Amino acid sequence: MIRVEGLRKSFHGQAVLRGVDLEVPTGSITVIIGRSGGGKSVFLKHLIGLLRPDSGRIEVGGVDLAVLRGRALDEVRRRYGVVFQGGALFDSMSCRENVAFPLREKTRLARAEIAARVDTSLERVGLAGIGDKYPEEVSGGMRKRVAIARALVTEPEIVFFDEPTTGLDPVLVNTIHRLIQELHRRSRFTAVMVSHEIPEVFELADRIGMLHEGRIVEIGPPDAIQHSQNPVVRQFIRGEPDSEPH
Amino acid sequence: MTEPPLAPALRPIEGLGRWTLQIVNSLGRFGAFLGQAIGAIFTPPFKLWALLGRINYIGFRSLLIILLTGAFTGMVLGLQLYLTLTRFGSDAFLGPAVALSLIRELGPVLAALMVTGRAGSALTAEIGIMRITEQIDALTVMAISPMRYLVAPSIVAGLISFPMMTAMFDVVGIFGGYLVGVELFGLSAGTYFGEMQTFVDMRDIMTGFWKSVCFGVIVTWVCTYKGFHVSRGAEGVAAATTQAVVLSSVLILVWDYFLGTVLP
């Protein structure tokens, strides 16, 4: 279980998060939606320990991430897998080396075992056979899938997805979402995803939270969000433009 | 409670104070970065392959430019010093003059400037691109310290590579001077090398060595720091690369003078 209470963060005096409260049940897929520039990625960076809040708690398995440093923070991160917006693949390594990297660096597995797990991971994301190519030699969709394979190869308990389908065409968006669903069914990890892919995320998520002006203004199952009476949520999921002052 | 606005006459003083605080803050972060890197150097497990990769990147790949600039620096020294020494009837001292100039000053400084231009800028750009494409964040969330993985091997590689590059610069430069003094102007080879053995001693060699060690740390420290703190995309990488090369070059010259006054 991840529990966030009263999370606040400002940059240069400008408040980005104004008291975020959220609970992510173990084993669920929770998607945070919201408008661009609304603080979704900043919120996710707090959950993975890349940013420290000005105030508030981020509990992961009963431990407050906000006060952890050094090795204690790394211990929590060992339970994580993270898929970054642009993939964040190491461009000096082949796709295979990228997927093998966390196993090589953080485990004592034998080379043969690492190779077998990398092959399985690439196969699961439908990329068996492209392992020797470098990230710049494969398409955007393939890069995202390699990033997913790398995030999942260590079999993490919690996986964070930062807009994993940004820049992809609608077919690829659905392909990636189905892949995440299938991998989730297989491994039962807890997933937190930041996305603004409406309506595709309604099929993927167990719970959806709307982040607006630094707060979660509504959270619930996809059905409830789709039928929300909150004007901010309704405007966002219908993609209605802002009303111009006359 | 908000503070009352300052009188217009006091605003320049406020600006100066803010600027001073920013400078002190930057220097503090710069120093803390080196402290963290030194801590990472001594934290096992040691990344031998990463270190060898960095030695290849900083040292071996700079070899050609070092040999080329070393040879021509020695040849220019040979030419100018021969023409000057001949006026005083002291052309026999060409060998030690070339060797001392190279070993004590020009070797460490020019080799460091060349490696800064070739490898230092590339180091800043590489780490900067890793920063803006979230590769450094990816390392961090994998519980892999970017300090230990990227910065520490670069600094140790600088410590090892710079003295080696300097030694090669010196040797090639001395032979460049030989080509001009002996092969072109007809000075005897025995005089060129014999007088060198008389006048160049271990203190001179150690002066050059300590300078190159210091420059190795300065260049890799500045270049990794600038790359690590890149922001604002491609423009930020370009700016950081320029700043890294300029700052490294200035610090090399300043530190060279400082070491020249304290080393024998």
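**View 1. The open four-stranded sheet of chain A in the predicted model**. In this predicted structure, four strands of chain A follow the order β2-β1-β4-β5, and their pairing is antiparallel. The edges are taken by β2 (14-24) and β5 (63-64) of chain A; each has a single partner strand, so one side of each is left without a neighbour in the sheet. Strand β1 (residues 2-11) of chain A runs antiparallel to β2(A), to which 8 bridges join it. Within this pairing, A:L7 has A:V20 of β2(A) as its bridge partner.

**View 2. The open six-stranded sheet of chain A**. The strand order here is β6-β7-β8-β3-β9-β10 (chain A), with mixed pairing. β6 and β10 (215-220) of chain A stand at the edges; because each has a single partner strand, one side of each is left without a neighbour in the sheet. On average, and with direction ignored, neighbouring strands of this sheet are turned by 15 degrees against each other.

**View 3. The pairing of β6(A) with β7(A), and the helices on the sheet**. β6(A) and strand β7 (residues 158-162) of chain A run parallel and are joined by 4 bridges. A:V83 stands opposite A:F161, a residue of β7(A). Helix α5 (residues 140-152) of chain A packs on the sheet, where it touches β6 and β7 of chain A. The direction of α5 makes about 170 degrees with that of β6(A). Helix α9 (residues 231-238) of chain A also packs on the sheet, touching β3 (29-33), β9 (207-212) and β10 of chain A. Between the directions of α9 and β9(A) the angle is about 105 degrees.

**View 4. The two domains of chain A and their contact**. Domain 1 of chain A comprises 1-79 + 158-241, while domain 2 comprises 89-155. Taken over C-alpha atoms, the centres of the two domains are separated by 25 Å. Domain 1 of chain A contributes 10 residues to the contact and domain 2 of chain A contributes 11 residues. Helix α6 (residues 170-187) of chain A supplies the largest share of the domain 1 side, with 5 residues. By class, that side has 7 nonpolar, 2 polar and 1 charged residues.

**View 5. The contact between chain A and chain B**. Here 14 residues of chain A are in contact with 10 residues of chain B. On the side of chain A that touches chain B, the elements giving two or more residues are α2 (70-77), β6 (80-83) and α3 (95-106) of chain A. The most comes from α3(A), with 3 residues. This side of chain A divides into 8 nonpolar, 1 polar and 5 charged residues.

How values were computed:
Residues numbered from 1 in each chain as written. Chains lettered and ligands numbered in written order. Predicted model: local features only at pLDDT ≥ 70, side-chain atom pairs only at ≥ 80, totals over all residues. Pairing = 2+ DSSP bridges. Contact = placed C-beta atoms within 7 Å. Nonpolar A, V, L, I, M, F, W, Y, C, P; charged D, E, K, R; others polar. Axes fitted to C-alpha atoms, helices over the stretch in contact; angles between N-to-C directions. Domains from an automatic or database assignment.
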